[in-house]
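Have a look at the fold first, and then we can walk through a few of its features together.

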Amino acid sequence: MNEVNIYAGSYLPDWRPGIDYRQVYSANEKMGGGVHLDLIHELDYVTWLWGTPNSSAATLRSTSSLNIDAVDYANYLLQYEQFTVNIVLNYYRRDTKRTCEILFEDNTVSIDLIKQKVWCNEELIFSSDIDPLYTYKEQMKYFISAIKEDNGYIMNDIQSAFNVLKICLNDEQVKR
């Protein structure tokens with residue numbers, strides 16, 4: 001593997017119809033908002049698949065036409081020993097996009113998480129039509145089961161979450 005490119009962008013004003021997007025936590029830094037926190041899932045799955053990177057850098061900005069004080073653009077560069085991962089997140093993309101592209105020496109795997117499709121060198125190799133709400137229900141079942149069974153294993157433990165948060169916040173706001 002040589003490179004991974006991840007993109008997640010959607011239009012914040014469309015997230016909660018009938019509600020002024022500037023009044024919700026997502027748009028307000030003091031309320032804990034920001035695209036880097038709302039869309040932290042991309043960092044989660046990268047570290048779940050490939051572990052904690054050797055180093056990371058981030059650009060966190062709030063300069064779009066949305067006129068909010070929370071971060072509306074985040075770009076992460078994660079460096080692993082043999083490859084790099086680039087993650088771009090934003091609140092201002094009108095045509096929602098959530099993709100992952102993995103470049104190997106001879107192949108490119110492209111994953112569209114919205115369309116639930118996977119291609120290898122432009123040949124469709126997987127497709128699904130699972131209702132996205134199903135995934136949320138399954139996650140909740142897993143979470144409740146993990147608490148009830150207390151078997152010592154949880155997919156994303158507190159240390160993993162802490163490591164992802166450090167990357168998310170560019171190490172600036174997280175102290176042990």
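## Strand pairing around β3

Let's begin with Leu-78, whose bridge partner in β4 is Val-85. Strands here (E, at least two residues) and helices (H or I, at least four) are DSSP runs, numbered from the N terminus. β3 pairs with strand β4 (residues 84-90) in the antiparallel sense over seven bridges, where pairing requires that DSSP finds at least two bridges between two strands. Four residues form the hairpin that joins β3 to β4.

β3 also runs antiparallel to strand β2 (residues 55-61), joined by seven bridges. Within that pairing, Thr-59 has Asn-75 of β3 as its bridge partner. Strand β3 (residues 73-79) is largely enclosed by the rest of the structure, because five of its seven residues are buried; buried means under 20% relative accessible area, exposed over 50%, and partly exposed in between (1.4 Å probe, protein chains only).

## A nonpolar surface patch

Helices α2 (41-50) and α3 (132-149) each supply at least two of the patch residues, and α3 gives the most, with five. Ile-147 lies in helix α3 and counts as exposed because its relative accessibility is 53%.

## About the model

This is a predicted model: local features need pLDDT of at least 70, side-chain atom pairs count only at pLDDT 80 or more, and totals for chains, interfaces and linings use all residues. Residues are numbered from 1 along each chain as its sequence is written, and side-chain values use heavy atoms, leaving out hydrogens and water.
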